[in-house]
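Please read it alongside the sequence and the structure.

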Amino acid sequence: MKKYNSVLKYILVMITALFITGCVHDDKYGDPDLTGYECKTASYYTDPKNGFTKWTLHDLKLKPQNVAIAENAYVEAYVSSSDETGNIYKTLYVQDAPVNPTDGLTVSLDAVSLYTKFPQGSKVYIQVKDLAITTYGGVKQLGMITPAGTRVPEKEIKNRIFRDCEIRENIIPKVMTMSDMVTLNDDFIGCLIQINNVEFDARALCTQFAPNGVTVDKTIGEGWDSVNKKYLKTAAVRNSGFASFANQIVPAGKGKFVGIFSKFNSNYQMYINRVTDLDMEGDKDGDGVDEHFARLDGLTSNPCQFSANGLTVKTIAEVKQLNTAANWTEITGDFYIKAQVVANDATNNLYKYVYVEDATGGIRVNMNKLDLFLDNRFRLGKDVYIKLKGLYLKDVNGEIQIGGLFKNTSGIEQFGQVEEANMYKSFFDTNTVTRPVVATERTITSLTTADVGRWIKIKDLQFIDGDLGKTYASGNSPTNRTLEDCNGNKILLRTSVQADFGTNTDPRKATVTEIEGGKGDVYAIASIFNGTYQLWITRLSDIDLDNPRCDGSIYTPLPVLYKDDFAAGGFSTDWITVNVAGAQVWATSNQGNQSNYYAMVNGVLNNTNEDWLISKSISLVGKTKAAISFTSDVRYSGPALQVYATENYTGSPATTTWVALPAILDTNTGGFGDWVSSGNLDLSAFLGKNVRIAFKYTSTPSAAATWEIDDFKIKGQ
């Protein structure tokens with residue numbers, strides 16, 4: 001075979017190939033960087049002296065999994081994907097023919113910008129020796145088993161995958177229906193497919209493909225059940241928040257969807273190469289012709305374009321005055337408001353609602369959707385249009401709110417949230433940049449009901465003495481802490497136990513974050529509950545209490561003498577595990593918690609367990625104050641975890657004298673994930689001594705809970 005030894009020759013070959021193969025499915029291609037990427041022809045592989053055996057993609061996928069291939073074999077395929085927009089990441093999808101393929105394949109590569117080396121439509125030869133078939137999410141993929149994972153390392157790609165020097169084809173999408181998405185057709189995973197007469201469901205209408213940096217699924221539907229008002233078939237469209245089209249609004253009409261066919265476990269999904277592959281704004285029958293806008297669910301025009309024609313603008317103060325009924329009030333007039341989002345659910349301290357504000361006041365808007373802050377319409381500081389007709393107002397414990405109606409489990413209609421599927425009818429992006437949120441300055445004594453719903457600032461506040469040393473939240477329910485001014489006027493700070501004021505890499509859960517002990521300014525939403533004013537923050541920076549307290553003192557939190565969050569997994573020599581009865585023992589786990597580990601023990605029904613987790617000895621000599629704290633999470637019914645301290649561990653729990661500690665423990669046995677702070681447990685009885693802390697787990701044949709412990713700290717000064 002002729003080998004090209006310069007970049008110039010590579011480029012000349014590519015130009016020739018482009019002229020030969022003509023039009024391809026891509027919209028455009030970047031200039032490929034061909035350095036180090038050699039092309040080949042079929043003759044190289046059919047030449048007996050090179051010793052290759054040809055396999056089909058089907059043959060390859062039947063090979064034993066998780067074992068490096070020893071045979072000097074190769075497969076021919078055509079690239080069906082393009083990562084040019086960034087929606088596909090470190091993956092090359094290929095199929096066995098450019099038209100009417102019978103097999104596709106997912107190739108896992110540790111490299112990006114693959115489209116510059118292997119543009120869509122390229123014929124490629126994959127030399128499979130030393131590679132391996134593995135399975136991820138129920139999908140077979142080709143990679144290389146390495147200590148870092150199963151992707152083919154970037155430096156190895158040029159030795160394993162080669163473009164054909166001459167052939168590049170137009171990939172014709174295989175037409176499928178969602179009914180075709182069954183196990184029988186899993187051979188097509190990795191192929192470029194086309195689905196006609198589909199639309200994004202109502203929940204996706206007027207939203208972007210994906211928030212910045214976040215991967216989300218959108219749902220497309222096929223066929224319509226007019227009786228039950230739902231799609232006959234649905235499938236997921238997986239969109240990366242790093243895609244160049246992530247911030248574009250999904251098409252609102254019905255038509256043709258083109259993407260890579262894939263699945264994760266039992267859920268079929270598609271990946272978009274480029275949004276220009278979609279024709280879903282007005283194509284009625286999927287033939288590429290925009291007859292007129294139409295949808296399966298009956299919409300006949302694009303609902304995402306806001307127009308004030310025929311509408312009357314209202315202020316928030318005027319909207320609140322519309323609430324006249326004792327139960328709830330339906331808004332029947334053709335009204336709208338334009339307001340700024342002043343607080344959202346970015347830290348989970350607010351849940352499924354935002355606050356919006358105009359010059360006349362603020363109001364809470366309830367929506368049955370998680371992570372509203374990721375939606376462009378509800379970004380902090382963004383102006384949003386809200387069409388009010390069909391929404392409802394209700395005075396909830398003194399606070400007038402906007403929402404919708406729903407039926408509870410007993411079929412009784414109640415006031416609640418605007419359903420996600422109906423949000424497109426009421427909330428519209430102003431397509432303006434975010435503005436700084438400006439707080440209205442108030443004092444505790446100057447607050448009125450007109451301030452409820454506003455983003456306010458109150459100067460020179462501090463937490464009361466009784467709250468010092470506590471965390472922002474504890475237990476299983478929203479927690480009250482009390483702020484006061486220097487005149488002794490008080491107001492409640494309300495915090496959700498689900499709040500996390502940190503980041504993915506630096507979590508700061510409200511249940512483990514200690515409140516500040518100084519004095520300063522507080523920024524918060526003003527709320528009210530049965531006549532009592534309360535505040536809700538959205539970030540820790542909303543409370544800046546760095547100055548001396550009102551009496552001039554400086555509060556210093558108890559320094560941490562010892563801590564262990566079990567983050568690395570496994571117990572260090574700082575801990576002793578003692579198994580008294582039963583087969584189950586204390587261990588560490590990261591299930592449901594990604595890379596963060598925690599201590600865990602669980603029993604099994606029809607068994608009796610007694611297991612101890614005992615800390616190392618910590619010196620409290622010379623200390624005048626000391627306390628411990630930790631977080632707990634429980635699942636399933638069983639005896640409560642017991643927490644003890646001792647100054648003289650004998651080596652056996654049975655012969656040691658223990659002092660019980662009154663820890664606050666999680667009591668929600670119905671699910672994992674609701675970590676509860678123990679509070680600061682006083683160790684005054686052990687000052688001047690050495691202390692060990694122990695967790696005692698028990699279970700019975702009829703009651704066996706799972707207990708998890710994290711964020712363990714011993715503090716003192």
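**Disulfides, cores and a pocket**

Cysteine 39 and cysteine 165 are joined by a disulfide, with an S to S distance of 2.2 Å; a disulfide is here a pair of cysteine sulfur atoms within 2.5 Å. The model is predicted, so local features need pLDDT of at least 70 and side-chain atom pairs count only at pLDDT 80 or more, while totals for chains, interfaces and linings use all residues. Residues are numbered from 1 along each chain as its sequence is written, and side-chain values use heavy atoms, with hydrogens and water left out.

**Disulfide between cysteine 39 and cysteine 165**

- Helices (H or I, at least four residues) and strands (E, at least two) are DSSP runs, numbered from the N terminus.
- The torsion about the S-S bond of cysteine 39 and cysteine 165 is about 100°, so the disulfide is right-handed.
- Cysteine 39 is buried at a relative accessible area of 2%, and cysteine 165 is buried at 5% relative accessibility. Buried means under 20% relative accessible area, exposed over 50%, and partly exposed in between (1.4 Å probe, protein chains only).

- The sulfur atoms of cysteine 206 and cysteine 304 are 2.2 Å apart in a disulfide, which is left-handed with -90° about the S-S bond.
- Cysteine 206 and cysteine 304 are both buried.
- A disulfide also joins cysteine 486 to cysteine 550, with an S to S distance of 2.0 Å. The pair is 64 residues apart, with cysteine 486 in the loop between strand 29 (479–484) and strand 30 (490–495), and cysteine 550 in the loop between strand 33 (543–547) and strand 34 (560–564).
- The torsion about the S-S bond of cysteine 486 and cysteine 550 is about -80°, so this disulfide is left-handed.
- Cysteine 486 is partly exposed at 44% relative accessible area, as is cysteine 550 at 32%.
- Cysteine 191 is buried, with 0% relative accessibility.

**Nonpolar cores**

- The largest nonpolar core has 32 residues, and Trp586, Ile628, Phe630, Leu683, Ile693 and Phe695 have the most contacts inside it. Such a core is a set of buried Ala, Val, Leu, Ile, Met, Phe, Trp, Tyr and Cys residues joined through side-chain atoms within 4.5 Å.
- Among the strands that each supply at least two residues of this core are strand 40 (626–635) and strand 45 (690–699).
- Phenylalanine 695 touches residues including Trp575, Trp586, Trp612 and Phe630, not counting residues up to four places away in sequence; contact means heavy atoms within 4.5 Å.

**Second largest pocket**

- The second largest pocket is lined by 28 residues, of which Tyr89, Thr91, Tyr136, Arg151 and Tyr271 lie nearest its centre. On a 1 Å grid over the protein atoms alone, a pocket is an open set of points where a 1.4 Å probe fits, with protein on both sides within 12 Å along at least five of seven lines; lining residues have an atom within 4 Å of a point.
- Strand 14 gives the most to this lining, with 3 residues.

**Confidence**

- The protein averages a pLDDT of 91, and 93% of the residues score at least 70; pLDDT is the predictor's confidence in each residue, from 0 to 100.
- Over residues 1–31 the pLDDT is below 50.
- Where pLDDT is low, the predicted coordinates should not be read in detail.
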